[in-house]
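Subject: Structure handover

Hello,

Here is the structure for you to take over. My notes on it follow below.

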Amino acid sequence: MSTAYKNRIQEFKLALSEENIKLKTLRELCFNGIPFEGGIRALCWKILLNYLPLDQTLWESFLKKQREVYSQFLKEMIIQPGIAKANMSFSREDVTMEDHPLNPNPDSRWNTYFKDNEILLQIDKDVRRLYPDMAFFQRPTEYPCQLILDPQNDYETLRRRVEQTTLKAQTVNCNRSGVTNVSSPGKALNLYPSNEYEVLPNGSEAHWEVVERILFIYAKLNPGIAYVQGMNEIVGPIYYAFATDPNSQWKEHAEADTFFCFTNLMSENRDNFIKSLDDSQCGITYKMESVYSMLRDKDLVLYLKLEEQNIKPQYFTFRWLTLLLSQEFLLPDVLRIWDTLFSDEDRFHFLVLVCCAMLILIRDKILVGDFTMNMRLLQDYPISDVHTILTKAKELQDSS
Amino acid sequence: MEAIWLYQFRLIVIGDSTVGKSCLIRRFTEGRFAQVSDPTVGVDFFSRLVEIEPGKRIKLQIWDTAGQERFRSITRAYYRNSVGGLLLFDITNRRSFQNVHDWLEEARSHVQPHSIVFLLVGHKCDLEAQRQVSRQEAEKLAGAYGMRYVETSARDAINVEHAFTELTRDIFALVRSGDITIQEGWEGVKSGFVPNVVHSSEEVTKSDRRCLC
């Protein structure tokens, strides 16, 4: 470790040791990248994402409260409905009761239960392919959720729900289709082809299952958005940062802390995920166009080239902006970009600057390329050195 | 100098999420099968040349769309400038087959005043044991809509070339007969009678490497 780097870590430690953390100082430090060492990144993100209060004396009671709130969510949204469902399966004669799984009334809680299952299945498919190029998400967590895994609780877990729903869909569909060449009932159905993550034996759970739970709780609490594909790629890096914290007191609570930080980040980003807002001032269309209007100011020639080729910002900035570039770079680089984004007060404006910087840095290629070449470049961005990109973005910010 | 491609066709690939749209396109354009791929967020773009007759090449530009409902308003904008489409369902997922009608409606209501030549694709045909939609049933549906039906597998590379080439041939025939015409301001079909440089991004496949003279 170089002396400069050691000094840098010292600076962070100093800033974080103040009883009342000076946000401005911390932001300035974080803007140039946050060290992983000592869990500094995870801690800084919790502050920058407005989760931890600046007054450190409040942390202990605050964290205790938040983590209890999260446990309560798990009980209300996963365990209790799961218990009700488990009881239902035992007493089939109960269908004469007021509310039961076949109740066609839209207010029936079973109606909600089955709707939730659809959301859960969608989340499940996506978290089973989260960052496949690294082993982390398939590995067991050191801190499986005791509440969820408690063998005393006889209930339908999310894991069971996914299995049940998939099985049920297969059986019902086979009957209705009248198709004869389906597999015999005795034959084990290959629900998850080998290319997706497997569930671990009872008593342990993989990191992807934790991410699944976070997304499910978020979907339940935010029915207006529920789950949109790609949200998994926003939770992923936050959870990774928290669940690899070298400090076990923090690491143990990665799930609850990630949930709240993700919720806070989404509160600023959520409009991008709402279809009905797409064409409004706060929607994604406006933001995508703002990348081009900024580019027009910063590099007119490049802007005109893209216009001439009819390459619309929608063709590539949708993913860049909604996922905060998490699909464009490798995870360690995403973490580095997010250090800077999170530390900027107006982080979504800075994201637009980063997008502009990315375009300008490949301007020479774009200026000589045709539509196809340029689209491929933008879909599969060629520069992996995020430091260059962030430096350029800062330069653009300073020149405006 | 001979033109590298006669025409450029823009295609769109639609269907429910996780039916395998991106995997099918990647198999076709990159010749490989990704074991796991990210869910498509918004729209992706791919391109490849196909040779439909000796010496007759068509450049395909392919839009890969996100299947989830939330992205409809984003993907809608891509129908109008497409001349052809692959409508995918997963033969092991009956729901995705039942939604074929909705996808066609969605496309038809946003493609005006043009129209799209669709090919119905039953994907993941390597998973025969889990089949939930019979071939006869799918063929019947395709027939009712006046489309062809092809079963494909990106994993085992079954019929992938065939699906794209057949669709391209059908469109080519309609262009030849004048049923589809090149129009100013429409990106669906473009003429390629200009000398072009072959770029690495649109490399021809092995079978296309024969001498053109």
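How much area do domain 1 of chain A and domain 2 of chain A bury between them? About 1600 Å², with 63% of it on carbon and sulfur atoms. Buried area here is the accessible area (1.4 Å probe) that two parts lose on being put together, summed over both.

Some ground rules before the rest. This is a predicted model, where local features need pLDDT of at least 70, side-chain atom pairs count only at pLDDT 80 or more, and totals for chains, interfaces and linings use all residues. Residues are numbered from 1 along each chain as its sequence is written, chains are lettered from A and ligands numbered from 1 in the order in which they are written, and side-chain values use heavy atoms, with hydrogens and water left out.

**The domains of chain A**

Domain 1 of chain A covers 59-89 + 99-273, and domain 2 covers 275-399. These bounds come from an automatic or database domain assignment. The contact (heavy atoms within 4.5 Å) takes 15 residues from domain 1 of chain A and 20 residues from domain 2 of chain A. One salt bridge crosses the interface of these two domains. By the rule used, a salt bridge is a side-chain nitrogen of Lys or Arg within 4 Å of a carboxyl oxygen of Asp or Glu.

**Chain A overall**

Chain A has 19 helices and zero strands. Helices (H or I, at least four residues) and strands (E, at least two) are DSSP runs, numbered from the N terminus. Of the 400 residues in chain A, 54% are buried. Buried means under 20% relative accessible area, exposed over 50%, and partly exposed in between (1.4 Å probe, protein chains only). Among contacts in chain A between residues at least 6 apart in sequence, 74% join residues at least 24 apart.

**Helix α12 of chain A**

Helix α12(A) holds residues 284-298. The buried residues of α12(A) are A:Ile284, A:Thr285, A:Met288, A:Val291, A:Tyr292, A:Met294 and A:Leu295. They pack against α13 (300-308), α14 (317-322) and α16 (347-361) of chain A. They also pack against α2 (72-75) of chain B.

**Salt bridges**

The count over all chains is 41. Some to look at:

- A:Glu268 and A:Arg347 meet through their side chains at 2.6 Å, N to O.
- A:Lys24 and A:Glu28 form a salt bridge at 3.0 Å, N to O. They are separated by about one helical turn, because they sit four residues apart in helix α2 (residues 23-31) of chain A. An α-helix has 3.6 residues a turn, so residues three or four places apart point the same way. A:Lys24 is exposed at 61% relative accessibility, while A:Glu28 is partly exposed at 47%.
- A:Glu255 and A:Arg213 have their closest N and O atoms 2.8 Å apart. This pair links distant parts of the chain, 42 residues apart: A:Glu255 is in helix α11 (residues 254-269) of chain A and A:Arg213 in helix α8 (residues 207-221) of chain A. A:Glu255 is buried at 11%, and A:Arg213 is buried at 3%.
- B:Glu69 and B:Arg72 have their closest N and O atoms 3.0 Å apart. B:Glu69 is partly exposed at 42% relative accessibility, whereas B:Arg72 is buried at 14%.
- B:Glu128, B:Arg131, B:Arg135, B:Glu139 and B:Glu151 are linked in a network of salt bridges.

**Chain B**

Chain B has six helices and seven strands. From the N terminus they run β-α-β-β-α-β-α-α-β-α-β-α-β. Of its 213 residues, 59% are buried. Of the contacts in chain B with a separation of 6 or more, 77% come from residues 24 or more positions apart.

Strand β2 (residues 43-53) of chain B is mostly covered, with 10 of its 11 residues buried. β2(B) pairs with strand β3 (residues 56-65) of chain B in the antiparallel sense, over 10 bridges. Two strands pair if DSSP finds at least two bridges between them. B:Phe46 has B:Ile62 in β3(B) as its bridge partner. Two residues lie between the strands of this hairpin, where B:Gly55 takes a positive phi near 85°.

Best wishes

Terms used
The expected span of a helix is 1.5 Å times one less than its number of residues.
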